[in-house]
Every structure is written in structure tokens, then in C-alpha cells.
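Please examine the sequence and model shown below.

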Amino acid sequence: FNRKRTMMLKAGYNRRIARPDISYLSPDVEQTSRFIIDGNPNLGSSKAHNLNLTYSTFSPKLNVNLNLGYTFSNNQVSDYSFHKDGVLHTTYGNFVHSKETSLSGYVNWTMFKGTSLFMNMNVTYSDYKSYKTNEHDSGFGSFIFGSIRQDLPWKLKLSLHGGGSTGGVSLQTKSNGYYFYGLSLSRSFLKEDRLRMTFSSGGFIKRYMKQRRETYTETFRQLRLTKSARFYFSFGLSYRLGSHKAWVEK
């Protein structure tokens, strides 16, 4: 410990209980000539054990946090699909043995007066196994987000952000990655900057995004391709009712 920088190392353990979504429990059957989707009212809560080690350092200009985690569960809730009599059935069960090792962190850095940088990232290795359906899959997934903000004259603030994912895996599916980006310009008005106007836009370089999701088992393979518009433009107006006044005693 010193007056300019604080460092902290922390280890922890917790057990998390997750109850299934109400739609997973619903006995209603959604049926067509080729698909049957139904819930499982016999689902129970899944229990996961979490171990983590966290390192943090703080200073007036730079904050850094890193977290190494390991999570495992023997009864994770998952959807699964199978072919029967030429019809694709999809339902849910408490049968997935999952293990996840992850490294995550963030950086908040005041580079110069009026210029700040923020970054957030996560890398995960996941391993899923089901003895009930005799399936096993594993793989890496990652996500990153970053933004930089610059104060400009006349109370203007310019912000540029972007990020993306490499995709990931689950018990029966794999998906491809994606990326996004955008910028915003804002200005505050009135006493104590109570009124704020913001203009935002994103997806203006490549206006459409293609996504690929593949489901595969020993009996069938399904490929789903989607194309969605990415370009957006927005205008926001906000007014703060409270006050920023505060008194601090030394």
C-alpha cells in the first residue's frame, strides 16, 4: 500500500443456484409437421461451484482488474434436440456436466486531461459433456469491448466504442463471431448540466452482419444463417432532476 497506488489480491469460492426459466418448464407443445418443441416440468435447479482469484490495482489515473475463474456443474440445464420418426424434437434437461475456465479483466485509464480509455475483455475455455445423450464438445470463446472518450470545447464530449466476439460452443451448437462499433457526440446545457443531448450512430461502414449457427448430433445436422441490418442513428435527450451538490469533511 502507498498513497498513490493500492493493490489487492483476493481469492473466493461460492456456490450458485440457478432456477430454470418458466418457458423451460412449460408442458405446452409447439408442433408443426417437422418440429416439436416442448418444456420439461420435471426440471430442477442447477448448482454450480465457482472458484476465482482476483488482482486489482488502483491509482488516480489507472485502474486495472484481472480475474481468473473456474466453474463446474454436474446438473446444468440445457436444451437438446433429437430426430424421431422424421420429426425434430427439442426439449430441456438437467444432464450437462460443464467446466469453464475463464480469464477476464478491465482497464480504466485517464490518458490525458479530458481523454479516457476503457477496455473490457474475457477469454473462456468451455467443456460440456452429457452421458445421457453421449455427446461432448469443448472450445474457446472470447469477447472484447473498448471505448475512448474525448472532451471537446463548448462542453462537447466525443465517444468512440467497438468490440466483438469470436463466437462459442455449447453442447450441440457452434456459432461464429461478430463485431460492432459506433460513435456518439453529446453536449450538456442549463445549470449544473441538467439537460443533455446525444447523437449516436453505428454500423455505418458495413451495414449488414451475417451470423452462422450450427447444430449437430449423431443423427442430424442443422445450419442456420441470418443476415441483419447493423446501421443505426439515434438522438437522445435527458434531463436530470437531482443535484450534484455534496459536502465532504476532512
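Strand β11 (residues 173-175) pairs with β14 in the antiparallel sense over three bridges, where strands are DSSP runs of E of at least two residues, numbered from the N terminus, and two strands pair if DSSP finds at least two bridges between them. This is a predicted model, in which local features need pLDDT of at least 70 and side-chain atom pairs count only at pLDDT 80 or more, whereas totals for chains, interfaces and linings use all residues. Residues are numbered from 1 along each chain as its sequence is written, and side-chain values use heavy atoms, with hydrogens and water left out.

**Sheet**

- Threonine 173 has threonine 215 in β14 as its bridge partner.
- The strands β10-β11-β14-β15, in that order, form an open sheet of four strands with antiparallel pairing.
- β10 (168-169) and β15 are the edge strands; each has a single partner strand, so one side of each lacks a neighbour in the sheet.

**Largest pocket**

- The volume of the largest pocket is about 390 Å³.
- Its lining comprises 19 residues, of which Asp79, Ser81, Thr215, Gln222 and Arg224 are the closest to the centre.
- A pocket is here an open set of points on a 1 Å grid over the protein atoms alone, where a 1.4 Å probe fits, with protein on both sides within 12 Å along at least five of seven lines; lining residues have an atom within 4 Å of a point.
- Grid points are joined across faces, edges and corners, and the volume is the space filled by probe spheres set on the points.
- At least two lining residues come from each of β3 (35-38), β5 (62-84), β6 (87-112), β14 (208-216) and β15 (221-229).
- With five residues, β5 gives the most to this lining.
- By class, the lining holds seven nonpolar, nine polar and three charged residues; Ala, Val, Leu, Ile, Met, Phe, Trp, Tyr, Cys and Pro count as nonpolar, Asp, Glu, Lys and Arg as charged, and the others, Gly among them, as polar.

- Beyond its neighbours within four places in sequence, tyrosine 80 is in contact with residues including His89, Phe95, Lys132 and Gln172, contact meaning heavy atoms within 4.5 Å.
- Histidine 89 lies in strand β6 and counts as buried at 18% relative accessibility; buried means under 20% relative accessible area, exposed over 50%, and partly exposed in between (1.4 Å probe, protein chains only).

**Loop residues with positive phi**

- Most residues other than glycine have a negative phi.
- Lysine 155 has a phi near 65°; this lysine is in the loop between β8 (135-152) and β9 (156-165) and is partly exposed at 47% relative accessibility.
- Leucine 190 has a positive phi of about 65°; this leucine is in the loop between β12 (178-189) and β13 (195-202) and is exposed, with a relative accessible area of 54%.

**Glycine 236**

- Glycine 236 belongs to strand β16 (residues 232-239) and is partly exposed, with a relative accessible area of 27%.
- Apart from neighbours within four places in sequence, glycine 236 is in contact with Arg196, Met197 and Thr198.
- Glycine 236 and methionine 8 are separated by 228 residues in sequence and by 39 Å in space, C-alpha to C-alpha.
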